[in-house]
Amino acid sequence: MSNNSDSKKKNKKQSETTLEMVPIFIMGKKHDVPATLTIQKAFEYAGYQLVRGCGCRGGICGACGTVYRFPDSYRIEVGLACQTVVKPNMYISQIPFFPANKAVYDIEELEPTGSTVWALYPEIFKCVGCGTCTRSCPMDIDVMEYISRAIRGDIAGAAELSFDCVMCGLCTVRCPSEEVQYNIGILTRRLYGRHIAKRAKHLEDAVENVKQKKFDKGVKKLKKMDIDKLKEIYSARETEPQFGPEEWEPENKDYLITE
Amino acid sequence: MGNKKTKLHYYPGCTLKEKTTNLDDTTYAVMDLLGYELIEPENWTCCGAEFPLTEEKIVGLAAPVRILRQVKLEGGNKVFTVCSFCFNVLKRANEAMVTDPLKHKRINAFLKDDITIDRVTGDKTTGFPEYNGDVSVLHLLEFIRDEVGYEKIRALIKRDLGKVKVVPYYGCRLLRPKGKIGIDKPDDPSIFEEFLENIGCEVIDFPFKQECCGSYLSLSMPDAASEASYNVLRSAKLNGADVLALSCPLCYYNLDRRQDRIKEKFPEFHEMPVLFFTQLLAWALGVDEEILGLDQHFCDPRSVLGIDKSGVEI
Ligand code: SF4
Ligand code: SF4
Ligand code: FES
């Protein structure tokens with residue numbers, strides 16, 4: 001008996017938690033959605049099929065930039081729809097696309113200097129330092145700061161500070177000076193990567209080793225292998241431990257080329 | 001003599017970090033010798049370069065006021081600049097926060113919602129306090145006159161400038177608008193002259209010291225800028241100067257880097273070296289030549305400093 005009523009209670013509790021609903025407003029229309037959903041899933045729950053403004057669903061691609069507000073606050077809030085859990089009474093609109101100018105360039109021909117950025121995006125000097133871009137970034141990047149670094153020709157600084165940018169464009173939507181911050185950011189990162197960062201010597205060595213056919217023997221052996229055997233050795237392969245020492249090497253050195 | 005340096009806020013401005021690093025580098029060098037450790041306000045941005053003159057369009061005040069607020073938040077009560085443009089903007093923005101209650105209210109309401117993000121922890125800060133114009137904005141020439149003192153400068157001189165004949169060029173931004181900027185009397189200034197005399201120069205007066213160099217016309221009407229700069233340099237030469245001293249990166253651009261264009265337009269023009277006041281001071285205080293960044297100049301100023309072409313002091 002007691003057992004029974006216990007499980008009843010449990011059942012009731014469970015259904016209550018799964019059904020906790022919150023009201024949200026998608027482009028002004030009210031929907032009740034489960035409280036645990038992200039904005040992206042709430043859209044789908046409410047019946048929208050997302051064909052734009054949705055990509056990786058993992059907070060990386062930047063396709064799902066979203067703005068929202070609450071009735072009792074003047075603030076414009078921002079988030080990535082796939083990463084932000086709904087809150088009661090949020091008024092939501094996704095910004096799946098916003099036009100942005102993009103300079104065309106051959107990175108090989110550019111120099112990593114301020115002048116390069118200024119020539120490709122002369123409007124950068126219109127930035128009035130209002131800070132709205134920083135307030136609008138769902139990745140918590142100090143956008144204004146990387147733009148100021150670019151203005152003063154600090155390419156490495158701009159590249160580093162804009163590193164987490166997912167190109168969602170929310171900063172661009174709200175900039176009073178019509179900057180396309182994320183395209184300026186990626187230009188500085190490309191300039192940095194191509195012209196400032198140290199070349200990765202071990203990569204060059206590895207490519208050289210490929211060219212010298214040092215791996216060919218091993219590859220040939222694998223190519224001839226029977227599929228089940230291949231699966232077996234693949235599953236049994238050694239992988240570098242996540243926190244392994246710098247000089248880690250596999251036990252089986254057959255495929256290892258050092259020097 | 002203790003070697004602990006006095007901390008002092010310094011706002012360099014964008015141009016000094018790319019186009020005129022010679023001005024920035026010599027500022028650091030001389031301030032170090034004078035016993036100061038310079039602090040650049042964290043996350044400084046461009047000051048805007050122009051003070052917004054419109055009553056309603058005041059967004060241009062946001063950046064300079066934020067910079068000044070940052071100085072205050074970092075515990076500073078003064079900040080100095082060497083660029084005449086930055087000085088002009090910061091000083092007037094500061095003044096607006098004292099004298100214009102409506103601008104004070106609007107800009108502070110806007111800047112209150114600023115967000116800063118800690119680089120290490122990622123923590124966000126918002127809800128900033130009001131800024132009431134209580135940081136003093138100084139130009140380095142002023143700071144040297146009023147706080148360092150010429151006596152101290154004279155005592156530290158290591159190289160004799162050999163009475164090099166210098167014209168001080170104030171340009172527009174150091175002195176005007178009257179009553180708001182005033183590192184000196186706009187019609188009859190003497191601060192630059194006194195500075196130059198005290199570091200061992202022979203000061204030459206010339207009628208173009210407060211005339212415009214062409215300023216931003218160098219972008220929109222380059223010919224007009226060439227003409228304005230030509231007039232300044234020609235007058236300096238006619239009055240017997242060896243070199244023109246200034247404090248503004250834009251004047252420097254027009255008066256030095258534009259000399260090739262001036263020559264095209266006025267074939268009889270003679271080149272004239274141009275130096276930042278900090279470069280002259282640095283040289284007098286014994287700073288190494290390479291810090292002066294003389295290769296950045298169009299017209300080589302080495303001969304007026306007594307350096308031969310190969311860099312040897314004559
Ligand atoms: S929003 Fe635009 S104008 Fe404002 S600080 Fe950012 S880039 Fe500059
Ligand atoms: S910098 Fe701009 S485009 Fe990049 S993540 Fe932030 S808001 Fe999005
Ligand atoms: S869908 Fe890619 S970041 Fe949200």
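How many residues of chain A are in contact with chain B, and how many of chain B with chain A? The close-ups below are drawn from a predicted model.

**Figure 1. Contact between chain A and chain B.** Chain A brings 24 residues into contact with 21 residues of chain B. The area buried between the two chains is about 1,900 Å². Carbon and sulfur atoms give 51% of that area. On the side of chain A, Arg135(A), Asp140(A) and Arg152(A) lose the most area to chain B. Together these residues account for 34% of what that side buries.

**Figure 2. Polar pairs across the interface.** Between chain A and chain B, 12 residue pairs are in polar contact, both residues at pLDDT 80 or more. The interface of the two chains also holds 4 salt bridges. In a salt bridge, the side chain of Arg119(B) meets that of Glu145(A) at 3.7 Å, N to O.

**Figure 3. Elements on the side of chain A that touches chain B.** Two or more residues each come from α3 (114-120), α4 (132-135) and α5 (143-151) of chain A. The most come from α5(A), which gives 5 residues. By class, the residues of this side of chain A divide into 8 nonpolar, 9 polar and 7 charged.

**Figure 4. The shell around ligand 2.** Ligand 2 has 13 residues around it. Cys137(A), Cys165(A), Cys168(A), Gly169(A) and Cys171(A) come nearest. The shell divides into 11 nonpolar and 2 polar residues. No charged residue belongs to the shell around ligand 2.

Methods
Residues numbered from 1 in each chain as written. Chains lettered and ligands numbered in written order. Predicted model: local features only at pLDDT ≥ 70, side-chain atom pairs only at ≥ 80, totals over all residues. Heavy atoms only, no water. Near = heavy atom within 4 Å. Nonpolar A, V, L, I, M, F, W, Y, C, P; charged D, E, K, R; others polar. Contact = heavy atoms within 4.5 Å. Buried area = accessible area lost by both parts, 1.4 Å probe. Polar contact = N/O pair within 3.5 Å; in protein donor to acceptor, adjacent residues only side chain to side chain. Helix = DSSP H or I, 4+ residues; strand = E, 2+ residues; numbered from the N terminus.
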